[in-house]
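I opened this notebook to keep track of what I looked up, in the order in which I looked it up. Here is the structure that the entries refer to.

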Number of protein chains: 2
Amino acid sequence: MTQPVKFYFDLLSQPCRALYIFLEAAKIPYEAVPISLLKGEHLTGEFRDKVNRFKKLPAINDHGFQLSESVAIFRHLSREKLVPEHWYPRKNLARSRIDEFMEWQHLNLHYATTDYYRQKWLLPTLTKSCPNEELINQSIKRLESTLTEFESHWLKSHDFMVGSKLTIADLLAICQIDQPKIIGYNPFKNRKNLIRWYELVRESLGPHYLDAVQEFEAKIKAHDNQKMSIQQ
Amino acid sequence: MTQPVKFYFDLLSQPCRALYIFLEAAKIPYEAVPISLLKGEHLTGEFRDKVNRFKKLPAINDHGFQLSESVAIFRHLSREKLVPEHWYPRKNLARSRIDEFMEWQHLNLHYATTDYYRQKWLLPTLTKSCPNEELINQSIKRLESTLTEFESHWLKSHDFMVGSKLTIADLLAICQIDQPKIIGYNPFKNRKNLIRWYELVRESLGPHYLDAVQEFEAKIKAHDNQKMSIQQ
């Protein structure tokens, strides 16, 4: 029997959610190893030596082969496991167009959504201090312009991002947009095409997506309640 | 006869140099279309409409298919053209390890080397003003810690970055390290393993690499001379 892939993750992280949904939806056998980012479990020497030398999530171990970087993991799984073709299709150069998004997002959609989440929620939670309003405003400006770029460059058609079927580009992007959304930011104002695409992707991803988002929301709320009870 | 790939580039840019060397070394038929970054030729509406909607270099047009993002272009060429296997090997999961670097570099080696170049040379050249020493010092700190990480995580063996042969990971990385180096920064201090690897990659890349670096240097010098003659 094939050994399942060991998957190290925390659903607070957007690429972790994307990979969790992918593993579930593509029915890849895996062993879930939850790691708590807020407790700093990814920063220990043991995690560095045995799981990921970069001390980051997500990470996998596939038959002794350690791998990090969510985009590299997506590609690895698409190559090494039995994965339905629609996720990363070869036809009509779709794979090249998906790759273009997977590289573009690093310094654009990923950067902007993560930065807002960090300033608005993560840093205040970790340091038990008030958010820095000036940095949040800078973050909002970047996020607004990135969402506008995302809509105009990647949601031109009436389908998914690349062609008429759901791909890993849609999955990665919706998880990124959820990062500021779940902590109270509205990404949809004056963005009809974004709303249409978001609904389409959410419906297509089904229950695994809803599970992941619900757990993400529950984690955020649990920490917010804890903060409030300390303040009272 | 197959139409050559149209390649839009400026050798001032590190991913442009990496792709230029790759096209030459792998003998992929291409048509060179130089675009001047300093003159802002990549920012025009014509470039946006006909070449790259993101207004960035490098970009290609392969039989009418427009593609940007250097890592996506590397992968596209490796899939669609006849490219020697050693550049992006499938064996022993090397492709997954190369992908891991190609994703890691965005917010690490690429970010740090580009930021130093921007603060130290590009912004002062474009705005005809003095460099901001405080921002340069921040940039140096980031660059130092990234180079240390690069050496400890990616240059552990006595070979190339991934296995015993030259790959696109080595090519991308050496072009990134050259970016601060050519404008006067010394990346090698107390880094024996980096020196060893750098020499090995430089020798393996041969004349195409030297051509690209020489043209990069010449462009920098031409602008520095222009600046000095204005100041005198």
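The entries below go from the contact between the chains to helix pairs, one arginine, salt bridges and backbone details.

**Entry: the model.** I noted before anything else that this is a predicted model, and I read each value below as computed from it.

**Entry: chain B against chain A.** I looked up the contact between the two chains and found that it takes 29 residues from chain B and 29 residues from chain A. The area buried between chain B and chain A is about 3000 Å², and carbon and sulfur atoms give 56% of that area. I also looked for salt bridges between chain B and chain A, and the count is eight. For a case where I could name both side chains, I wrote down A:Asp99 and B:Arg75, which meet in a salt bridge at 3.5 Å, N to O.

**Entry: α4 and α6 of chain B.** I then turned to helix α4 (residues 94-104) and helix α6 (residues 133-154) of chain B, whose axes come within 13 Å and cross at roughly 175°. Because of that angle, α4(B) is roughly antiparallel to α6(B). On the α4(B) side the contact is made by B:Arg97, B:Glu100, B:Phe101 and B:Trp104, which meet B:Thr146, B:Glu149, B:Phe150 and B:Trp154 in α6(B). Sorted by kind, the residues of this contact between α4(B) and α6(B) are four nonpolar, one polar and three charged.

**Entry: α7 and α8 of chain B.** The next pair was helix α7 (residues 168-182) and helix α8 (residues 192-205) of chain B, with axes that come within 11 Å and cross at roughly 110°. That angle makes α7(B) roughly perpendicular to α8(B), and α7(B) passes α8(B) in a left-handed crossing. The residues of the contact divide into nine nonpolar, no polar and four charged. Among them I noted B:Ile174 and B:Ile177 in α7(B), and B:Trp197 and B:Val201 in α8(B).

**Entry: salt bridges over all chains.** I found that the count over all chains comes to 31 salt bridges. One pair that I followed up is A:Lys81 with A:Asp62, whose closest N and O atoms are 3.1 Å apart. A:Lys81 lies in the loop between α3 (70-80) and α4 (94-104) of chain A and A:Asp62 in strand β3 (residues 59-62) of chain A, so the pair ties together parts that are 19 residues apart in sequence.

**Entry: backbone details.** Why did I stop at these places? Most residues other than glycine have a negative phi, and most peptide bonds are trans. A cis peptide bond joins A:Leu57 and A:Pro58, with omega about -5°, and A:Pro58 lies in the loop between α2 (45-50) and β3 of chain A. In chain B the peptide bond from B:Leu57 to B:Pro58 is cis, with omega near -5°. A:Glu69, which is not a glycine, has a positive phi of about 70°. B:Lys128 has a positive phi near 50° and is found in the loop between α5 (109-127) and α6 of chain B.

Technical notes
Residues numbered from 1 in each chain as written. Chains lettered and ligands numbered in written order. Predicted model: local features only at pLDDT ≥ 70, side-chain atom pairs only at ≥ 80, totals over all residues. Heavy atoms only, no water. Axes fitted to C-alpha atoms, helices over the stretch in contact; angles between N-to-C directions. Helix = DSSP H or I, 4+ residues; strand = E, 2+ residues; numbered from the N terminus. Parallel < 35°, antiparallel > 145°, perpendicular 65-115°, else oblique. Left-handed = near helix turned anticlockwise from the far one by under 90°. Contact = heavy atoms within 4.5 Å. Nonpolar A, V, L, I, M, F, W, Y, C, P; charged D, E, K, R; others polar. Buried area = accessible area lost by both parts, 1.4 Å probe. Salt bridge = Lys/Arg side-chain N within 4 Å of Asp/Glu carboxyl O.
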